Amino acid sequence: MNKRITVRSQAEFDLCVKAGNTAVVIGCSVVAWDNSSVVAWENSSVVARENSSVEAWENSSVVARDNSSVVAWGNSSVEAWENSSVVARDNSSVVARDNSSVVARDNS
């Protein structure tokens, strides 16, 4: 079972990871499960599950599941499922499913 913890600093996050907790909520609304790696800055909202890696900046919203890898910048909204890889920048909106790979930039 995943333990859910709220952290507000890098030090708290590091302690959480060191303790082996796998569900984390950070002050910028991040949930990370199942060995996910998440970087969230500037009011980003991220959900990462099942070995996902997500980086979200500048008010981006990201959902990544099933080994997805996502980079979202500039108010992008991304949802990636089933081994998808997505890069979304500059107000792009992307949905990638079923082993899709997507790059979206400049208000796409």
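Is Ser84 buried or exposed? Ser84 is buried, with a relative accessible area of 1%; buried means under 20% relative accessible area, exposed over 50%, and partly exposed in between (1.4 Å probe, protein chains only).

This is a predicted model, in which local features need pLDDT of at least 70 and side-chain atom pairs count only at pLDDT 80 or more, while totals for chains, interfaces and linings use all residues. Residues are numbered from 1 along each chain as its sequence is written, and side-chain values use heavy atoms, with hydrogens and water left out.

**Overall fold**

The protein has 12 strands and one helix. Helices (H or I, at least four residues) and strands (E, at least two) are DSSP runs, numbered from the N terminus. Along the sequence the order is β-α-β-β-β-β-β-β-β-β-β-β-β. Of the 108 residues, 33% are buried. The accessible surface is about 6,100 Å², and carbon and sulfur atoms account for 45% of it; the areas come from the Shrake-Rupley method with a 1.4 Å probe, and for residues only the protein chains shown count as cover. A contact means heavy atoms within 4.5 Å. Among contacts between residues at least 6 apart in sequence, 1% join residues at least 24 apart.

**Nonpolar core**

A nonpolar core is a set of buried Ala, Val, Leu, Ile, Met, Phe, Trp, Tyr and Cys residues joined through side-chain atoms within 4.5 Å. The largest one has 17 residues, and those touching the most other members are Val46, Val54, Val62, Val70, Val78, Val86 and Val94. At least two residues of this core come from each of β4, β5 (45-48), β6 (53-56), β7 (61-64), β8 (69-72), β9 (77-80), β10 (85-88) and β11 (93-96). In soluble globular proteins, nonpolar side chains tend to be buried together. Val94, setting aside neighbours within four places in sequence, contacts Ser77, Val78, Glu79, Val86, Ala88, Val102 and Ala104.

**Two loop serines**

Ser84 lies in the loop between β9 and β10, and Ser76 in the loop between β8 and β9. Ser76 is buried at 1% relative accessible area.

| Side chain | Backbone oxygen | Distance |
|---|---|---|
| Ser76 | Ala88 | 3.2 Å |
| Ser84 | Ala96 | 3.0 Å |

Beyond four places in sequence, the contacts of Ser76 include Asn59, Ser60, Ser61 and Asp90. With the same exclusion, those of Ser84 include Asn67, Ser68, Ser69 and Asp98.

**Salt bridge**

The structure holds one salt bridge, defined as a side-chain nitrogen of Lys or Arg within 4 Å of a carboxyl oxygen of Asp or Glu. Glu79 pairs with Arg97, the closest N and O atoms being 3.3 Å apart. The pair links distant parts of the chain, 18 residues apart: Glu79 is in strand β9 and Arg97 in the loop between β11 and β12 (101-104). Glu79 is partly exposed at 22% relative accessibility, and Arg97 is partly exposed at 38%.

**An exposed loop residue**

Asn35 lies in the loop between β3 (30-32) and β4 (37-40) and is exposed, with a relative accessible area of 62%. Not counting residues up to four places away in sequence, Asn35 touches Asn51 and Ser52. The C-alpha atoms of Asn35 and Glu50 are separated by 6.7 Å, although the two are 15 residues apart along the chain.

Conventions:
Polar contact = N/O pair within 3.5 Å; in protein donor to acceptor, adjacent residues only side chain to side chain.
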